[in-house]
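The following note concerns the contact between two chains. Please read it alongside the sequence and the coordinates.

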Amino acid sequence: MALTADGSEQKELTQTPLLKIWVPWMGCNLNRRRGSSVPQFCNSPTMIVMVGLPARGKTYISKKLTRYLNWIGVPTKMFNVGQYRREAVKIYKNFEFFKQDNEEAMNIRKACAAAALKDVTAYFTKEQGQVAVFDATNTTCERRAIILNFAKEKGYKVFFVESICEDPEIIAENIKQVKFGSPDYVDRDIEEAMEDFVQRIECYRASYTSIDDDKDRKLSYIKIFDVGSRYLVNQVQDHIQSRIVYYLMNIHVTPRSIYLTRHGESELNLLGRIGGDSGLSPRGQKYANALATFIKSQNIKDLKVWTSHMKRTIQTAEALGVQYEQWKALNEIDAGVCEELTYEEIQRDFPSEFALRDQDKYRYRYPKGESYEDMVHRLEPVIMELERQENVLVICHQAIMRCLLAYFLDKPGDELPYLRCPLHTTLKLTPVAYGCKVEPFFLNIEAVNTHRERPVNVSVNRNQDEALQTVPDHI
Amino acid sequence: MLDNEDFVLDTSPRELTQNPLRKIWLPCKNGHILQRRVCMTNCPTLIVTVGLPARGKTYISKKLTRYLNWIGVPTKEFNVGEYRRECVKIYKSFEFFRPDNEEGLKIRRQCAMSALNDVRQYLSVEGGQVAVFDATNTTRERRGTIVKFADQNGFKVFFVESQCEDPDVVAQNIVQVKLGNPDYIHCNTEEAIEDFMKRIKCYESSYQPMDETLDRDLSYIKIMDVGRRYLVNRVLDHVQSRIVYYLMNIHITPRSIYLCRHGESDLNIKGRIGGDSGLSARGKEFARNLRKFLQEQNIKDLKVWTSQMKRTIQTAESLEVPYEQWKSLNEIDAGVCEEMMYEEIQENFPLEFAMRDQDKYRYRYPKGESYEDLVQRLEPVIMELERQENVLVVCHQAVMRCLLAYFLDKSAKELPYLKCPLHTVLKLTPLAYGCKVESVCLNVEAVNTHRDRPENVNVQRSTEDALQTVPAHF
């Protein structure tokens, strides 16, 4: 270390080999230096507390929010008190369990909530969680006060999300979509289940106190009315709450489908070269035409088509004969110094980079390029707009499609870079219940395989054969 | 399943050609480039402010207009008060605003109509996308007129209501922006405040706030108590969603934003652009002086942000405080021109060099970025800067130009030529409707890296003409 004029030691900067981040010395706390898209402003962990009668979409919102926060890099976990109850009371008999005057049941329910809160603490303190979503009805002031006290004691921030809806059609639809499949009703027929559930809701209604805009004005919360037609937002405290509000205000439940596909096979694909900005190969052009036919056959209402700024996605879109929008954010991962190289060349010229990439493909950043983690950050506005939209076809690239797919299918960082997104296959994603239905459509045009699995040996000392073990064939 | 044999290859898939300036692939037939429309909204949007006087409507209008223009949505504000001042040259007193002043009412209605006409001109003829109609609009009747006008012209309407009953906030507002207002130029402070309070009273009796029930089919956001609470109803599209997000992130707590570049770097000295070099000896001295400067400024809870490039991080390291690295703050990617001198760019890519001078904002380096791209990637930084209080941003020349253009409302044309010399800190403090800028040079010599637009931007110009404005270097 060099000494400066005033005698103090000046730390040299060194660039971490995997993330390509400059840090004062090796081994310092890399978490603080990651510079991720979500600035590390979460000094204290946050509890998101759902509020609302049954069948108001609390679990739907909880799961979706958890998925989104994890995808953007905020470690988040959901705690569904109903599940704790199912653990405690193995068999659900009927709505009488939820009656106000059922003391035994009340005790069990209180104990379940307490157990869930205990797990929240464990998540924050032992598992480095940053956000916990506490999914329960939380319909009484008393219950909310318990949670507030708990959070205050531990130094957690609290943000309430209340869902208010009195539209009988929406509620009925909700019950159909998610309650019939619930373990509670697995042995009932539909009419029985519906009737029981309606009674269940009534059990809560008498004691339901909505968050009070006057008495609770010091609390931080968002009230969602009628599935998003109106929102009341109070005392947003920090960045993460602001992002949560923005997200909640952009999601909707209108049925629609999202189609994801890569561009048609490109000239560089054929040569086994990564990146670049080449045009479609003849087979790629055939795929574009096949895609046009397929899309027409799907008879999609008001389809929006998005491409990247790269020639191959635009050429593919051109074959559809419809208007499309170009997003720079959908450009393929920038492979920096490795642009347009084959894997063999990367191994030859940058063997240790090649090995590092296999060690942690999600966080690995190409020299003068990007990482998957960087891409997730730049794709966030795309995801936000996808949430706002209805029917959309996204024509993109392998790494991009993996990131988008991981968002919809809730895949973690270590699986994301290995998701299979072959050429000439369109994925149709349709939201269903709490998740997403995926239908793959292979449009019967042959193409090279561009999927490289993680090889067995990822050590920087591995030999060439081991490094190239999983490289797919090419010209 | 589809069979290959069934396909007849499309008779003439449109050829793609890459626009040489923006490096965007566009379809062309017979050599003609076909325009593609990219827009955030399908139809223009009319934002209508609502609220009693001194509730921050003009502050919000101007800020929102500045933000939307910066992110590339052509926006213009129409302040009805200004139309009134045009019409009634001299403001006498609050009596003009009395609800029983027939003549006053007539003039005010005319002014509103005149402003709406200009809105129509802007949105339908001049290609504007958003118009901000800044007036009190406190009656349902007036708002109904505007909605009808918008319907007739195919504009979407989004109301922004500001409600505040905190007398301190209102008083502060009056002091900050009303006393300097042309209406009160000849009054002393006490007179002005007294008159203005009476003016507010004139509106109070007829004020009909947006109502959850009566106005449930309208799109609006109601801002209560300067952002403590928001009511958002029927957000229709992307632009409205972005506006809501922005309005929910801004605040008026006094604070300062410090912008500076990294200390002089080794590549700076050589006249080379981009790259990821470390600080020169003078750059390190700047970093030390920066530390002293910040200590003298005695800033409460200062956050420090850098890019992920070595030179900004080295600069921040000298400050000996925690800092946050943002990849979004990285310098513009000069693609194939990275680490070149301007002389080398001229030698190897004379065409590119000329096009950059023709439209520096939209010009994208081959395999690199444009200023326009930079603005897009800096938007989350701006959003977070709005949320924060005291922040020091240690960044780069092009990045600093983009951020400065946002705060000082500079157009796309001016942005790439804003002067952001090395070793100079800009302290930005929000004031009234704008931003006060204090420039502090920390007294350490550095190379000049500012290259002005040369006279000759023609692709056929001589080397000498091209290099006319290149600053001196080793």
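**Note on the interface of chains A and B**

1. Glu339(B) forms a salt bridge with Lys368(A), the closest N and O atoms lying 3.4 Å apart; the term denotes a side-chain nitrogen of Lys or Arg within 4 Å of a carboxyl oxygen of Asp or Glu. The rule finds 3 salt bridges across the interface of chain B and chain A.

2. This is a predicted model, in which local features need pLDDT of at least 70 and side-chain atom pairs count only at pLDDT 80 or more, while totals for chains, interfaces and linings use all residues. Residues are numbered from 1 along each chain as its sequence is written, chains are lettered from A in the order in which they are written, and side-chain values use heavy atoms, with hydrogens and water left out.

3. In chain B, 64 residues are in contact (heavy atoms within 4.5 Å) with 65 residues of chain A. The two chains bury about 5600 Å² between them, 49% of it on carbon and sulfur atoms; this is the accessible area (1.4 Å probe) lost on putting the two parts together, summed over both.

4. Strand 9 of chain B pairs with strand 10 (residues 230-234) of chain A in the antiparallel sense, over 5 bridges. Within this pairing, Tyr230(B) is the bridge partner of Val233(A). Strands are DSSP runs (E, at least two residues), numbered from the N terminus, and two of them pair if DSSP finds at least two bridges between them.

Conventions. Helix = DSSP H or I, 4+ residues; strand = E, 2+ residues; numbered from the N terminus.
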